[in-house]
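Dear colleague,

I am passing on the structure below, with notes on what was found in it.

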Amino acid sequence: MQAAQDERTVQTNLDKVLHDKGLRTTPQRKLIYRIITATAQHVSAQQIQQELEEVFPGISLPTVYSTLELFTQLGVIHKMAINNGEMLYDTGWSHPHAHMRCKKCGRIIDLDIPPVTQQDIRSAAEAGFSVDSGDLLLYGLCKECAAQESKSATV
Ligand SMILES: [Zn+2]
Ligand SMILES: [Zn+2]
């Protein structure tokens, strides 16, 4: 896969999605989209704002938030809440998936299993609750951090 080609596809998709809704592809929207697709798959609004500032000095956090909200509504990205109430924007897979959070480096890694199982939905239904969606977040150590820990343990 070629990076240049990916970028073109990505840009075309954003143009199309926005155009279908009668919205304009502004340079800011374009750049925000490029940042979230190019960087880590799970980023916070603050991280995006910091990167944006290099190109658009003084861009405000509310502007970033409203663009991210727009992208979320359009289904371009997904929003997920993590334990301390922080919101992260997920630009990875478009299908629902679970996540793993490393307690040492804080990285969030995609895991290709359903975040809600049929069993969960059945159990909730038995309790009289009808499920729309759910998040599954597993905690532990990522490969790199686990390797570091075992190294320092043997010293
Ligand atoms: Zn880690
Ligand atoms: Zn994800």
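The axes of helix 3 and helix 4, lines fitted to C-alpha atoms over the stretch in contact, come within 9 Å and cross at roughly 115°, on a scale from 0 to 180 degrees between N-to-C directions. By class, this contact has 7 nonpolar, 1 polar and no charged residues, with Ala, Val, Leu, Ile, Met, Phe, Trp, Tyr, Cys and Pro counted as nonpolar, Asp, Glu, Lys and Arg as charged, and the others, Gly among them, as polar. Ala-45, Ile-48, Gln-49 and Leu-52 from helix 3 meet Leu-61, Val-64, Tyr-65 and Leu-68 from helix 4, where contact requires C-beta atoms, placed from the backbone, within 7 Å.

This is a predicted model, in which local features need pLDDT of at least 70, side-chain atom pairs count only at pLDDT 80 or more, and totals for chains, interfaces and linings use all residues. Residues are numbered from 1 along each chain as its sequence is written, while chains are lettered from A and ligands numbered from 1 in the order in which they are written.

The protein chain has 6 helices and 6 strands, which are DSSP runs (H or I, at least four residues; E, at least two) numbered from the N terminus. Of its 155 residues, 14% count as buried, that is, with 20 or more other C-beta atoms within 10 Å of their own.

Leaving aside neighbours within four places in sequence, Ile-32 is in contact with Ile-48, Leu-52, Val-64 and Thr-67.

Best regards

Note on methods:
A residue is buried if 20 or more other C-beta atoms lie within 10 Å of its own, exposed if 12 or fewer, and partly exposed in between; C-beta atoms are placed from the backbone. Two residues are in contact if their C-beta atoms, placed from the backbone, lie within 7 Å.
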